[in-house]
Amino acid sequence: QVQLVESGGGLVQAGGSLRLSCAASGTIDRINRMGWYRQAPGKERELVAAITTDGSTNYADSGQGRFTISRDNARNTVYLQMNSLKSGDTGVYYCNADQVVGPVRFNYWGQGTQVTVSS
């Protein structure tokens, strides 16, 4: 089992910045990918950014050039630095971890952290 705990959400004005953190604990070996997803009110959960164990990253178009995902392997923590925030970035941000153990793939979610961007 992997536990994911997010922090760093809050209320910020448009144009401001926030840094989200996701700390992983438990049986964290063989986690091969971690990511951040956003769920806006009335919408489906969507990928914001992801990072693999070798450091490869991918971003949704909406965050390109504004968001940066990174990981600190020593702290088992993944970060999402969000700059130039817009009202459209508002939502609950969830941390996700993808783990492969032999032939079985596990997927874990954190409890989410609210990000509200006021215009």
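Analyst: Here is a quick tour, starting with how the model was handled. It is a predicted model, where local features need pLDDT of at least 70 and side-chain atom pairs count only at pLDDT 80 or more, while totals for chains, interfaces and linings use all residues. Residues are numbered from 1 along each chain as its sequence is written, and side-chain values use heavy atoms, with hydrogens and water left out.

User: OK, how many residues does the largest nonpolar core have?

Analyst: The largest nonpolar core has 26 residues, and those with the most contacts inside it are Leu4, Met34, Trp36, Ile69, Leu80, Met82 and Tyr93. A core here is a set of buried Ala, Val, Leu, Ile, Met, Phe, Trp, Tyr and Cys residues joined through side-chain atoms within 4.5 Å. Buried means under 20% relative accessible area, exposed is over 50%, and partly exposed is in between (1.4 Å probe, protein chains only).

User: Which strands supply at least two residues of this core?

Analyst: Strands E1 (2–7), E3 (18–26), E4 (31–39), E5 (46–52), E7 (67–72), E8 (77–82), E9 and E11 (113–118) each do. E3 gives the largest share, four residues. Strands are DSSP runs of at least two residues (E), and helices of at least four (H or I), numbered from the N terminus.

User: What does Leu4 touch?

Analyst: Leaving out residues up to four places away in sequence, Leu4's contacts include Cys22, Met34, Cys95, Tyr108 and Trp109. Contact means heavy atoms within 4.5 Å.

User: And Gln3, where does that lie?

Analyst: Gln3 lies in strand E1 and counts as partly exposed because its relative accessible area is 38%. The C-alpha atoms of Gln3 and Tyr108 are 7.5 Å apart, though 105 residues separate the two along the chain.

User: Switching to cysteines: how many disulfides?

Analyst: The count is one disulfide, taking a pair of cysteine sulfur atoms within 2.5 Å. Cys22 and Cys95 form that disulfide, with their sulfur atoms 2.0 Å apart. The pair links distant parts of the chain, Cys22 in strand E3 and Cys95 in strand E9, 73 residues apart.

User: Is that disulfide left-handed or right-handed?

Analyst: Left-handed, because the torsion about the S-S bond of Cys22 and Cys95 is about -80°.

User: Are those cysteines buried or exposed?

Analyst: Cys22 is buried, at 0% relative accessibility, and Cys95 is buried, also at 0%.

User: Now the charges. How many salt bridges?

Analyst: There are six salt bridges, where a side-chain nitrogen of Lys or Arg sits within 4 Å of a carboxyl oxygen of Asp or Glu. One of them joins Asp98 and Arg105, with the closest N and O atoms 2.7 Å apart. Asp98 is buried at 6%, whereas Arg105 is exposed at 59%.

User: Which residues are linked in a network of salt bridges?

Analyst: Arg38, Glu46, Arg66 and Asp89 are. Within it, the side chains of Arg38 and Glu46 meet at 2.9 Å, N to O. Arg38 is buried at 4% relative accessibility, while Glu46 is partly exposed at 39%.

User: What about Arg30, what does its side chain meet?

Analyst: Arg30 and Asp29 meet in a salt bridge at 3.2 Å, N to O. Asp29 is partly exposed, with 42% relative accessibility.
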